[in-house]
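The following note sets out numbered points on the structure shown below. It is intended for a colleague who has the sequence and the coordinates at hand.

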Amino acid sequence: MMRLLRASTLGSVTALAFAFGFGCTSGDNGSIPGTTNGSTTSSGGASASSSGSSNASTSTASSTSAGTGGDSGCMAPKPTSFPYEPGCCGYQVAIPTVAESGFNDGKGTGKPDHVHVGLAGPSESTFAVNWRTANDTTATELLLGTDKAAVTAANAATATVQLVAGHHFLYGSASDGTNKTRAHEAHACGLKPATEYFYKVGGAGVWSEVYPLTTAPALGSSDAIRFAVIGDSRNDPTTFAKIEEAIAAQAPDLQVFTGDAVATGAVQTQWNAWFEATTGNFKVQSLLASAPFMPVNGNHESLAINYAAQFIMPQVVEPDEKAEGEAYYSFDYGNAHFIALNDTPTSGATSGPQLAWLEANLQAVDHKKTPWVFAMHHQSTYSCGGSHGSNVSLRSAWQPLFDKYKVDIVFSGHDHLYERSKPIRGLSGTTGILAQAGPKGTPVKGSGTLYLVSGGAGAPLYTAKDSCTHTYVTESTRNYAIVDITGTKIHVKTSRLDGSVLDEFDFTK
Amino acid sequence: MASAVVCGSALVLHAATSFASEPLDETLAAASRAEDRAEPKVALELYHRAAAEHEGERLVRRAKARIDWLEARAEGDHGPLAEWLRVRSQGTATLSEEDLSVFAARVRAFPSGLVRREATQFIADAWLTHFERPSEALDAYERWSREPGIDDAERQLSAAGAALARGRLGNGEEALRELHRSGLDGRAEARFLRAERIGTIGSAVSLACLAAYAVALASLLVRVRRPFRRRDDLLAYGLVGIFTLGLPIVFVHGYDPQLVHAFAPTMGAAALVVTVTWLVAQATEPSRLLARRLKWASAAAVVAAVFLATTRSGMLTELLMAAWEPR
């Protein structure tokens, strides 16, 4: 839960913080509306660096402010209300309207579970963790460092282990009745790019497992990045777990999810089953906790409070935007720009603030730094699926922008199958115009946008049809896509649940 | 001889030095290509070297993940894995039934372990979904379920696959009993089989209903000659049609507005019955008693036609599965 208010310029940074891998790195500020690109810092960061705090500072649960703690030199006043700015983060965090919320007080002994990571700020220097405990636990601490053994052994901040204090709140939907859930969230900021950190969450004496998390390469870097694309896992945690197990074996840097994680977003028991999905040998949580998971809102989530409460996304509050700014957002990772859109309900997506935001966001993309531009949303603009098919209203509203700003691939779900379109550029009425295609139906020098439907992570499969002229390949099967980007080359491999390859293509810009 | 040894050592050293200077991403790419060529031992060696030579680099985690995956499938000195990767990379698109039968026989001879289990799943799924051979699929799913070391997810997926295969073989009831016995009533496959059962029974009833209706219309056309007295009965027909058509549409729209267009066959079927009934009524001008009976018969026929169209288009199964999803 985070609200990005601005990306301010960098204050000074302590050398000692860098020495331990924590530091507010300099970089471009976020010029793209709602984008978490560019390293940021906060007023807290500036004041903290002037205060000269060091890594050796022994932050404690009671004294450390929410957000990054002492070793980065980003000590901020302890927050007292929401939204607040975690130290050194340069953005603000908001929470849904709930009856009870607060900040770390170190109390309680509830064991953390449902640990998972998301991006709320610049991916090369921040990450945030969200988890659940028993309702009476309000200790909300994150310990991290680059030395796994030190993090494992730590029970508080040390010379090499940083303590980040966070916030917590008790939420529940109308469907949940009196069954409330205690969510916790902590934001680690001022980190070094392309660096492996280890972290655990909880509070003194009661910690989660130690998980690894690698920050993104520096913004605009041509370093290789890898992300997984899946969607529509609803109501089959077993299949979802098998797919996540296969994805984990590819060690993606992050996952993007095209919506409909559960059947009813307002029912917490379904989320519990989702987070606790296991194959017996593999726990989904192990992947969710070690690679950022960036979802879009599906019609089955419907921006329920459970969805907004549990996932971490950049919160740029646009006019009329719901879910504390998490309905739609964007972020950068390496040399790629990701735009997550909300298409539920469709009527709210095809006009108004989101459409204006989308254009402003695309217009502001710095193609020198992020030559790859991806959009993701739930209801497919191009799908030949027998159940839903294409959402022509969305197509009419969004495709002109995807065309104008040459979005490379649009990911979606909703139809429970896999489908990839031929390159498309332009509309004739509401029909997409096929663009020049290379081998395997790929764009030639940005000739068109590919529309890829990945909606087979557990929900009952739908019939695939190949009768649409826009379809290059389709199949009704469980699937996941792994996208590799190395500089100006992209490689996409989509596999079935059994590991066999369903679709594979690459192209260069 | 000595010079040959020196020369050989130099070559090895050169190779090692060359490798050490090779960027990590290139080594990873080479390892990945080795996997694609179904050479897991070569891939494993490259991943190990990458991890050792580039310790601490960001992408090493990819090598470590692949090492874990490959080493977990090392049974038979990676021979079965190599064979499995070859078939897997070929995919079902170019795989013939004969190829699959041959591979299935070879898999049975694999040592027990992950590779045999995963290959058996592939075979079972291919028989069921690609070749539509439920009998062979059932056999493979049952073999998979008996594999030593099977985890809970595999147990569920094999039972679910076996249930679908049984359903295709016409043993839906037995499939449901098996799922119930395994505690898997909540899986989508169970909902699917229940929906299919309703579809099968409902279709038989609907067909009988439509047949009776057709016979009634035909007999009316032959026998009835009296005028149609109450014009407002036409309004009643309209109301019956709106009621019969409207409710399903409202239901579908509530689930997903985009599904309404897919509901066209259903609406068309209902409209056809209403229209035929109206035309017959116009032509035959039945007595008030017969007209009333015709109204009810046509209403039943509309329901039957809607049911059949919904079932045949796959909508019934989809709607029922959605309605039965756990909330």
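**Note on the two-chain model**

1. Buried residues account for 37% of the 327 residues in chain B. The model under review is a predicted one.

2. The secondary structure of chain B consists of 15 helices and zero strands. Of the contacts in chain B with a separation of 6 or more, 66% link residues 24 or more positions apart.

3. Between the chains, 31 residues of chain A are in contact with 31 residues of chain B. On the side of chain A that touches chain B, the largest share, four residues, is contributed by helix α4 (residues 237-248) of chain A. By class, that side of chain A comprises 10 nonpolar, 17 polar and four charged residues.

4. Chain A holds an open sheet of six strands in the order β13-β12-β11-β23-β24-β25, and the pairing is mixed. At its edges are β13 (293-295) and β25 (501-508) of chain A, each of which pairs on one side only. Direction ignored, neighbouring strands of this sheet are turned by 20° against each other on average.

5. One pairing in the sheet may be followed in detail. Strand β12 (residues 254-257) of chain A runs parallel to β13(A) and is joined to it by three bridges. A:Phe257 has A:Pro295 in β13(A) as its bridge partner.

6. Helix α4(A) connects the two topics above. It supplies four residues to the side of chain A that touches chain B, and α4(A) also lies across β11 (225-230), β12, β23 (479-486) and β24 (489-496) of chain A. Relative to β23(A), α4(A) runs at about 20°.

How values were computed: Residues are numbered from 1 along each chain as its sequence is written. Chains are lettered from A and ligands numbered from 1 in the order in which they are written. This is a predicted model: local features need pLDDT of at least 70, side-chain atom pairs count only at pLDDT 80 or more; totals for chains, interfaces and linings use all residues. Two residues are in contact if their C-beta atoms, placed from the backbone, lie within 7 Å. Ala, Val, Leu, Ile, Met, Phe, Trp, Tyr, Cys and Pro count as nonpolar, Asp, Glu, Lys and Arg as charged, and the others, Gly among them, as polar. A residue is buried if 20 or more other C-beta atoms lie within 10 Å of its own, exposed if 12 or fewer, and partly exposed in between; C-beta atoms are placed from the backbone. Two strands pair if DSSP finds at least two bridges between them. Axes are lines fitted to C-alpha atoms, for helices over the stretch in contact, and angles run from 0 to 180 degrees between N-to-C directions.
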